Every structure is written in structure tokens, then in C-alpha cells.
Amino acid sequence: MNITEVSSDGLRRQLKVVIGADELEKRLSARLEELKGKARLKGFRPGKVPKEHLRKVYGRSVMAEVVQQAVAETSREAISERAERPAFQPTVGLPEDEGEIDKIFAGTSDLAYTLSFEVLPQFETMDFGKIELEKPVAAVTDADIDQAIDRIRAANLSYKPKEGAAESGDRLTADFIGKIDGEPFEGGSTEDAQIVLGSGNFIPGFEEGLTGAKAGEERIVEATFPETYPEKNLAGKAATFEVKIKEVAAPETPELNDDFAKSIGVETVAKLRETVKSRLEQDRVIASRLKMKRALLDALNEGHSFDLPPTLVDNEFQAIWRQVTHDLETSKRSFEDEGTTEEKAREDYHDIAARRVRLGLVLSEVGSRHQITVTDDEVNRALLDRIRQFPGQERKVYDFYRNNPQMLAEIRAPVFEDKVVDYILELAKVSDKPVTVEELYADPDDNGHDHGHDHDHDHDHHDHDHHDHDHGHKHEKPRGKGKGR
């Protein structure tokens, strides 16, 4: 085998590999020798078929197999001889001229092919001790606990039948039949439906059309399915609903006492307050870490400058772009609706792709240099966390991941990333910064609009998937030149 570097442009490489005709002949002869003991041909006893006869019968097909195996082996050898790491599987360029191929198969010509690939860049990581970060800290107050418990009570309303007209917040029990163009449609009829006015759980116009209704009343309600309605045969269509109201009930907020605490699985009000406080503290610790991690990733992105493998960036961009355009199509929105243009969006999302690739390489390099690994136990714990998000389908989800190594790798990746982030945070200068709850949960990309307490865990919220894996954000939006999340 002879290897020649044809071109080296930045991180792009192209090699020419030549396998001599004599080497191919040796490989072909060895393969025919193997077949000699297995071949079954008419007129010959088992294991007694001459090699030359096998060459005549199977020569071309066996040589094709030999060439394929030779290319696979020699390409690996060619790459391993270089002190470089390919960014992805090299592309093999085989001869296309039929005459040349015939000569190779006939054993009268060498096999020459090309290997095209990009290499991972070599770079030095920044001094992590120079990174300065502020850790936002929002203490849980009695007022926070009171507000959280009030939300729990509001989520556990009871309803008491009333005689008067239905108002916003009231719950109606009703039968209805939905029709389009005078004909009932599938899924449009229900008995004993419970409708909370103002909840927005029904299509636009339906709840509004029932405002003021009384028990025993029958109404015709007109409503229109949204253009984005999942069932395409109903999207955008106007419908009429024949509704019979059976009951109107007003909401009643449960009194805060030990009986209420027991109804949601806690022994006393005091224990409820302890549990709520603990959950709020846990949630704020997670929120604080997310902000620190985001700031750290910004610092790592800005603190490293090196060439990126173009194909890796393009592949990442294409994955992001497919999701972006799919989301726009699903929501029936345009780039103009998002306050941008397709050209500007492409530029911004390309920056995000470059950021993801750069951070991926930096975190991978840090993990490799400092022997940071992910254990099977850590993967299993992460997998169990994922499985818990699919109640009732645990076995199915478990089997899916266990039978798909690529998907299991997606479980392992964020665990590795978090361990590397933790390692870097230990070296960085981190100082506590007292903040309000609103500041802790404010989205820096949201033009100052925050969601305040709505982010805190309530007692009845047991799981919260924060999706803090930087390279997995499918709905990530641009937030400035070079920013990724």
C-alpha cells in the first residue's frame, strides 16, 4: 500500500491510496482457497473444485468482495498512520471508468482510490481559573411558600352546583353534538363533558358561547377550529354545536387545613409547608445552575477561537434548520412573522450551529484530557429519569432505548456534558449574587418579560425536564451574534 497526501486545505484532507495488483492477487488467491473447500459445483466432488475453475466462475464477484475488504482495511490503516482525528467517516472515491475497473478485476492494474475527510482541530483550552461567574441565589420566603400553596389550592378546586347564569371560572356539565355543514363529524359529540369557562381548553368561540347559560338550557354555539388544529380535516372550519347544559357549578377554593393536606398526600399543613419549601429550594437550585451553566458556556465559546470542521457545522445547521422550518410550517408562520428574514435567520442559525460544534469540541477535549467518563450507573439513572416522563409506558420506553444504542448515546451525552461543566465550575471563580425570584427566572432573550413564580415547583408537580443540554435545543432561538442559547 502506498499513501500520498493529495491536498491539505485548512482542516480538509485528501489522500490517495494505491493497492498494488500483486497485493490484490494475493488477497484473491487466499479467498478462492477458502471457497475451494466450500464450493459445490456440478461435475466436481465437494472440496475438489480447482482454484482456476473457481476463478473463471466466481472471479469477478470474488474480486469485488476482495476490493471492498481491501479498501476498508487500508483506509483504516491510512488514517491511523496520521496523527490526526477525522471529524467524521472519510469519503472513499473509487475509480468510475469501466475500463479501469475491468483491469483491476482482471488483476492487471493497481487499485487507486481517494480518501476525503476533515480532521478535528488541535487547540489549547483556556485558563478556566480566569472565568468569573455570578451564581444567582433567591432565598425561599414565607410569602413564596404561601403563594405556592395558594396555587396548589387553586389547582384542587371543588365545584358546587348553582342556580344562576354561568360565569368565567364556573364548570358546566353538558352534552353536545358538533356539526360541520349540518353533518355530525367524528369526535365532535360528547356526553357529560365538563367545561370550565375561561380555561381555553376548547376551540375559540365554544366557551364564550356558553357564558350566561343555566342548568337545563339548550344552546346552539358557533365556533371555528384554528388553522393550526392537528386534525387537518377540521383545521380552519366553522362548526355548530348543539349543547344541553345539565349543571352549572361555581368553584370553591378548599380551606387550608390538615384535611386538605391529607387529601393531597401530606399529613399536616406544617408538613405541607416543609415539602413546598423543599421543592421550591430544589427548583431554584436547578434554575441557578442553568443560569451559571449558560454563562459558563458563553465564556467558553468566547474564550476559544479555532477552525471548525465545515461539514460538522453544516450538518448541525441542517438539523437546526429542518426543525426551524418544520416549526414554522406547523404554526403557519413566516420568518417575517418572527421579525426577521430567511437570509438573516440562516445567518443567525449558522452562528448557533458553529457555537454548538465549538462547545462540543471544547467539552470533549476537556473530558478527554482529564479522563472524565460516564458510568453505566449514571446512564441508568438518567434513563430512569427519562422513563418517568412516560407514565404507563415505562417498559416500552426502556426497551426502545436499550435496543437503540444511538438513542442511548443521547442519554449519555448530557450526563457527560454536565460532569465536564461541573469540573470547569470547580476551577472558575464563582461568587453568590442575591437576586429576586423574578430575576432568577427571567429569560434574558425575552426582552425583560419574565415568568416569576410560575417556574417554581408546587407540591403536586413531581417532575420537571429542564433540557439543559446545550447541543440538544431544537427550538433554540438566536440571541445575538455568536450566541447560542
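Strands here, like helices, are DSSP runs numbered from the N terminus, with E for strands of at least two residues and H or I for helices of at least four. The model is predicted, so local features need pLDDT of at least 70 and side-chain atom pairs count only at pLDDT 80 or more, while totals for chains, interfaces and linings use all residues. Residues are numbered from 1 along each chain as its sequence is written, and side-chain values use heavy atoms, leaving out hydrogens and water.

**The chain as a whole**
- The protein chain has 12 helices and 11 strands.
- Of its 485 residues, 35% are buried, where buried means under 20% relative accessible area, exposed over 50% and partly exposed in between, using a 1.4 Å probe and protein chains only.
- Counting contacts (heavy atoms within 4.5 Å) between residues at least 6 apart in sequence, 71% join residues at least 24 apart.

- Strands pair if DSSP finds at least two bridges between them; four of them form an open sheet here, in the order β1-β2-β4-β3, with antiparallel pairing.
- β1 (2–9) and β3 (91–93) each have a single partner strand, so they stand at the edges with one side left without a neighbour in the sheet.
- From one strand to the next, the twist averages 20°.
- In general, the strands of a sheet pair through backbone hydrogen bonds, either parallel or antiparallel.

**A closer look at β2**
- Seven bridges link β1 and β2 in the antiparallel sense.
- These two strands form a hairpin with two residues between them, and G10 in the turn has a positive phi of about 65°.
- On its other pairing, β2 (residues 12–19) is joined to β4 (residues 111–118) by eight bridges, again antiparallel.
- Along that pairing, K16 has T114 as its bridge partner, and I19 stands opposite L111.
- The covered face of β2 holds R13, L15, V17 and I19, whereas R12, Q14, K16 and V18 are on the uncovered one.

**I101 and helix α3**
- I101 sits in helix α3 (residues 98–106).
- Its C-alpha atom is 8.6 Å from that of L111, 10 residues apart along the chain.
- Beyond its neighbours within four places in sequence, I101 is in contact with R60, P95 and E96.

**Where α6 meets α8**
- The axes of α6 (residues 269–302) and α8 (residues 342–369) come within 10 Å and cross at roughly 90°, which means that α6 is roughly perpendicular to α8.
- Such axes are lines fitted to C-alpha atoms, for helices over the stretch in contact, with angles running from 0 to 180 degrees between N-to-C directions.
- Angles of 65 to 115 degrees count as roughly perpendicular, under 35 as roughly parallel, over 145 as roughly antiparallel and the rest as oblique.
- On the α6 side, R294, L297, D298, L300 and N301 meet R355, R358, L359 and L363 of α8.

**Helix α9**
- Helix α9 (residues 376–387) has 12 residues, which should span 16 Å at 1.5 Å a residue, and its end C-alpha atoms are 16 Å apart, so the two agree.
- The expected span is 1.5 Å times one less than the number of residues.
- E378, V379, A382, L383 and I387 are buried in α9.
- The buried residues of α9 pack against α10 (394–402) and α11 (405–427).
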